[in-house]
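Here are some brief notes on the packing in this model. Please read them with the coordinates open.

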Amino acid sequence: MENIADLTVAALAPSTQATYNRAWKIFTSFCTTYGVANSLPANVSTIALFVSFLFTQSFSPRTISTYLSALGYLHKISAQSDPTQAFLIQKMIAGTYRLRNTFDIRLPITHSILNQIIDSVPQVTADEYDHKLYIAIFLFAFSAFARIGELICTPSQTAEVIQLSDVSFTNQDGLVAKATVCFRKFKHNSAGPPKYITFSHGNCKISALDAILTYLRVRSNKPGPFFLSKSGFPVMRVCFDKILNKCLNSCGLDSNRYKGHSFRIGAATYAAEKGLSDAQIRSMGRWSSNAFQKYIRPTS
């Protein structure tokens, strides 16, 4: 019985668990406030009222969808019928998107912008180690189509990011020719087989491989997350965001439009511009559907 509970909890990434817990807390608060039973299974009428409540509280359509996914998961994990899949609920969700259309304002970090950001790193970091560290992070994120959360830690998540042992290199004619990254756990793949992504030098002014190898020469051999601070601790998201924003401001770019995810958006956009097929882009970005198409943004 203990194993059943442990395995069930482990099926969800820590960030997903936190989101689902928040959804349940909001749902139970809604039920208490309006005198609705919060026991499972919830009926379709209760879910419809909950959607209406979230909408009037100005939750975004995406957040509403996420919270319904949480409720649906709780029903299914309890072997009960999922009321969130009812036709009425699905149409209400469609209505939230139509009445409160939201747009992803994040812009892609293109090759040109990536070169500018790399040039600005020495200006915004005082330490030579940090120069090498952040240039390596930026080029790694772009080259591997990585989500920043897969590279940089949060206080509650250090084991989920790429580890030192997850990155290997292949030589050709005595020189490093490519890097292979093993993504063991990532969005929509918490329990499936790992995905291996390979990249080479790239077309930026600094070779991605050279930048990563330069960083590894100053990094300690300490096992654990691939990207470590000079003190030997995992690089935290708050520190990464601070440096990225400084780089963007130094380049005269709007830090409200360029975020950590802009590296992934830029990689997908660049791949499309270079004529890679949908299947190739899906594979490189580890997308299980055509969701990558929303990342293809005009760059001029």
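1. T19 sits in helix α2; helices are DSSP runs of H or I of at least four residues, strands are runs of E of at least two, and both are numbered from the N terminus. T19 counts as buried because its relative accessibility is 18%. Buried means under 20% relative accessible area, exposed over 50%, partly exposed in between (1.4 Å probe, protein chains only). Beyond four places in sequence, T19 contacts T66 and Y67, where contact means heavy atoms within 4.5 Å.

2. This is a predicted model: local features need pLDDT of at least 70, side-chain atom pairs count only at pLDDT 80 or more, and totals for chains, interfaces and linings use all residues. Residues are numbered from 1 along each chain as its sequence is written, and side-chain values use heavy atoms, without hydrogens and water.

3. Helix α4 covers residues 61-77. Its buried residues are P61, I64, Y67, L68, A70, L71, G72 and H75. They pack against α2 (14-34), α3 (44-56) and α5 (87-99). Just after α4, A79 has a positive phi of about 60°.

4. The largest nonpolar core has 59 residues. Such a core is a set of buried Ala, Val, Leu, Ile, Met, Phe, Trp, Tyr and Cys residues joined through side-chain atoms within 4.5 Å. F138, F140, F227 and F263 touch the most other members. Elements that each supply at least two residues include α6 (111-124), β2 (175-183) and α10 (262-273). The largest share, 11 residues, comes from α7.

5. Apart from this core lies another, of 21 residues, with F30, C31, V51 and I89 among them.

Methods. Expected span 1.5 Å × (residues − 1).
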